Amino acid sequence: MTPHKLIAINTLAAYTRTIFVSGLGLFTTRWVLEALGNTDYGLYFAVGGLVTFLSFINISLSNSASRHFAFAIGEGGIAAVNRWFNSALIIHLAFGSLFVLLALPFSILAFRSLITIPETRLAACRWVYVCSIFTIFLNIIVVPFNAMFTATQRIIELTVIQALNTILLFGLAYFLLTASGDRLVIYAAGIAVIALIVFLMQSGWCLLRYQECRLDLRSGLNKSHMLALLSFCGWSLLSVFACVFQGQ
């Protein structure tokens, strides 16, 4: 496929994804709000707001990984790309594990002092918090796999997987309308299960599709690679922070 055709296909896929996600999102948000009610809907985004908070960190991490993967691909060496991939994977596994270790004890402070939660919804909110931590962990460690799709310009494949994520969220929202039991817990657990499905699809496809994604963590223990990834991530994070604060 010529570069011009690849650019055209990737552009069309990106616009199609945006329209598709926006269209289904109109119904998804409405149904979730209707199913949960004002109080539980607010509690979910208060307790599970860490997912949104860390989204811009994932963007910075992904930008750094994609950049270095692309340079290594341009140099034409599968082995070099594989070393960069494993270095990025080690960083994200370490970052995700650190986040889990810090987030679990933080819940004690959050539920006692930072968030006002009705006593009757305290148990449900604890489940929401645990599910949110699990979802964030998956979103962190999937970044190197997403970056590989971007670096190799396989946007259409990534679009298909992300479209499936949107369809699953749409189905979950519709299911909530008639679900029995604690819908707040069901919704949080459903989000976590969907995140797991998408993670398995993205990582599994990369492991099968790309030799560059062959797991060899020992080759990723490269100090210069890790410092380069973290350094670029820091500068990228600064620009994303600026955009966030500008919007606020």
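The structure is a predicted model, and its secondary structure comes to 10 helices and 0 strands. Of the 248 residues of the protein chain, 42% count as buried.

**Overall fold**

- Read from the N terminus, the elements of the protein chain follow the order α-α-α-α-α-α-α-α-α-α, in keeping with the count of 10 helices and 0 strands.
- Among the contacts in the protein chain with a separation of 6 or more, 83% are accounted for by residues 24 or more positions apart.

**The largest nonpolar core**

- The largest nonpolar core holds 57 residues, of which Val32, Tyr44, Phe69, Phe85, Met148, Tyr187 and Cys206 touch the most other members.
- At least two residues of this core come from each of helix H1 (3-47), helix H3 (55-74), helix H4 (78-114), helix H5 (122-141), H6, helix H7 (155-176), H8 and helix H10 (223-247).
- The helix that gives the most to this core is H5, with 11 residues.
- Leaving aside residues up to four places away in sequence, Phe85 touches Phe69, Pro144, Phe145, Met148, Glu212, Cys213 and Leu215; Phe69, Phe85 and Met148 are also among the core residues that touch the most other members.

**Contact of H6 with H8**

- Helix H6 (residues 143-151) and helix H8 (residues 183-209) have axes that come within 9 Å and cross at roughly 55°, and the two helices are therefore oblique to each other.
- The crossing in which H6 passes H8 is left-handed.
- On the H6 side the contact involves Phe145, Asn146, Met148 and Phe149, which meet Gln202, Ser203, Trp205, Cys206 and Leu207 in H8; the residues of this contact divide into 6 nonpolar, 3 polar and no charged.
- Met148 of H6 and Cys206 of H8 take part in this contact, and both are named among the core residues that touch the most other members.

**Contact of H5 with H6**

- H5 and H6 pack with their axes 4 Å apart and at an angle of about 40°, which makes H5 oblique to H6.
- Asn139, Ile140 and Ile141 of H5 make this contact with Val143, Pro144 and Phe145 of H6, and the residues involved divide into 5 nonpolar, 1 polar and no charged.
- Phe145 takes part in the contact of H5 with H6 and also in that of H6 with H8, and Phe145 is one of the residues that Phe85 touches.

Terms used: Residues numbered from 1 in each chain as written. Predicted model: local features only at pLDDT ≥ 70, side-chain atom pairs only at ≥ 80, totals over all residues. Heavy atoms only, no water. Axes fitted to C-alpha atoms, helices over the stretch in contact; angles between N-to-C directions. Parallel < 35°, antiparallel > 145°, perpendicular 65-115°, else oblique. Left-handed = near helix turned anticlockwise from the far one by under 90°. Contact = heavy atoms within 4.5 Å. Nonpolar A, V, L, I, M, F, W, Y, C, P; charged D, E, K, R; others polar. Core = buried A, V, L, I, M, F, W, Y, C linked by side-chain atoms within 4.5 Å. Buried < 20%, exposed > 50% of the residue type's maximum accessible area, 1.4 Å probe, protein only.
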